[in-house]
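Trainee: I have a new structure to look at and would like to learn how to read it. Could you take me through some features, one at a time?

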Amino acid sequence: LVRVPLWPNRVFAIPVGARLYRKKKFCRKGSGHVFRTKPQLLLEMLLQLAEWLPEHRFLLHVDGGYASGELMQSLPKNVQVVGRMRFDAALYDRPPKRQRRRRGRAPERGKRLAQPKLHVAHRPGDWTVVTLANGKRYEAQSWAGLWWTVFRERPVLVVASRRVPRRKGDRPGEAQFFYTTDLTMTPGQVLE
C-alpha cells in the first residue's frame, strides 16, 4: 500500500507479483506447461515476497476457496491469514496438557467442537454489536480453535457475524463465518 502526498486521504494498492493460471485441459495438450492450482500459484508468490522482506509481517486476505491444507500449512511464519470459513468446518479444541507417566503419543488435538453454524445456534446470548469504521453495524461472536484439515496445530480465531435487526421484531441476518490466524485481532478488525 502506497500513500502519495498529493492525495493524503487515499491509499494505492500496487501489485508486486502475478502468475498466469492455465486450465488443466490446456496444460495436457502438449503445451509444455505444468499445471498448478491457484493456491499453488499463490504460495509461490507468497514465498517470494516473504524472501524479499523477511522482517515484514503480512496479512493475507483470501476467499474461502483458498482454505486448503496444501497452501495454509506451507505459509511462511510472517504471513497471517484472514478469510471466509465454511459453516460446517470441522473445528477442534487445543490438545490437553500432557500428564506425566502416560503411555503413548501425546494427542495432537483436543475434542471436536461444534460446527460454526451449530456453535452460534447453541449460544444465542453471546452476540455482541460491532460497529465498523464505515459505520455499518453487525452482531458478532468469536472463539478460538484448531481447523485441523486446513492449518493443523496453528490455532485460528473464528468470527461469526450477522446483520443487526433494523427494527424491533425483525429477525437478524444469516450468520457468516470468517477466520484469522492472528489471534490478537478483534472481531471488528476481522470483519473489516
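Trainee: Where is the place of N78?

Mentor: First, a word on what you are looking at: this is a predicted model, in which local features need pLDDT of at least 70 and side-chain atom pairs count only at pLDDT 80 or more, while totals for chains, interfaces and linings use all residues. Residues are numbered from 1 along each chain as its sequence is written, and side-chain values use heavy atoms, with hydrogens and water left out. Helices (H or I, at least four residues) and strands (E, at least two) are DSSP runs, numbered from the N terminus. N78 sits in the loop between α3 (69-72) and β4 (79-84).

Trainee: Is N78 buried or exposed?

Mentor: The general idea is a scale: buried means under 20% relative accessible area, exposed over 50%, and partly exposed in between (1.4 Å probe, protein chains only). N78 has 16% relative accessibility, so this residue counts as buried.

Trainee: Which residues is N78 in contact with, leaving aside its neighbours within four places in sequence?

Mentor: Contact means heavy atoms within 4.5 Å. With those neighbours within four places left out, N78 touches A50, L53, P54, H56, R57 and F58. As for T186, the C-alpha atoms of N78 and T186 are 19 Å apart in space, and the two are 108 residues apart in sequence.

Trainee: What does the side chain of E139 make a polar contact with?

Mentor: A polar contact is a pair of N or O atoms within 3.5 Å; within protein, one must be able to donate a hydrogen and the other to accept it, and residues adjacent in sequence count only if both atoms are side-chain atoms. Here the partner of E139 is the side chain of R162, at 2.6 Å. E139 belongs to strand β6 (residues 137-146) and is buried because its relative accessibility is 13%. Beyond four places in sequence, its contacts include W127, S161, R162 and P172.

Trainee: Where is S161 found?

Mentor: S161 is in strand β7 (residues 155-163), and its 6% relative accessibility makes it buried.

Trainee: How many aromatic pairs does a search of the whole structure find?

Mentor: Rings of Phe, Tyr and Trp (its six-membered ring) pair if their centres lie within 6.5 Å; planes under 30 degrees apart count as stacked, over 60 as edge-to-face and the rest as tilted. The search finds 5 such pairs. In one of them, W7 and F12, the ring centres are 5.8 Å apart and the planes stand at 65°, so the pair is edge-to-face. W7 is partly exposed at 43%, and F12 is partly exposed at 31%. W147 and Y179 also form an edge-to-face pair, with 5.2 Å from centre to centre and 75° between the planes. This pair links distant parts of the chain, 32 residues apart: W147 is in the loop between β6 and α5 (148-151), and Y179 is in strand β8 (residues 176-180). W147 is buried at 4%, and Y179 is buried at 0%. Together with F151, W147 and Y179 form one aromatic cluster.

Trainee: Which residue lies over the face of Y21?

Mentor: A charge sits over a ring if NZ of Lys or CZ of Arg is within 6 Å of the ring centre and within 35 degrees of the ring normal. Over Y21 you will find K38, at 4.9 Å from the ring centre. Likewise, R109 lies over the face of Y92, at 4.4 Å.

Trainee: What volume does the largest pocket have?

Mentor: Rolling a probe the size of a water molecule over the atoms shows where empty space is left. On a 1 Å grid over the protein atoms alone, a pocket is an open set of points where a 1.4 Å probe fits, with protein on both sides within 12 Å along at least five of seven lines; lining residues have an atom within 4 Å of a point. The largest pocket here has a volume of about 760 Å³, where volume is the space filled by probe spheres set on the points, joined across faces, edges and corners. Its lining has 22 residues, with V16, L42, L46, L49 and L60 nearest its centre. The elements giving two or more residues to that lining are α2 (38-52) and β3 (58-62), and α2 gives the most, with 8 residues.
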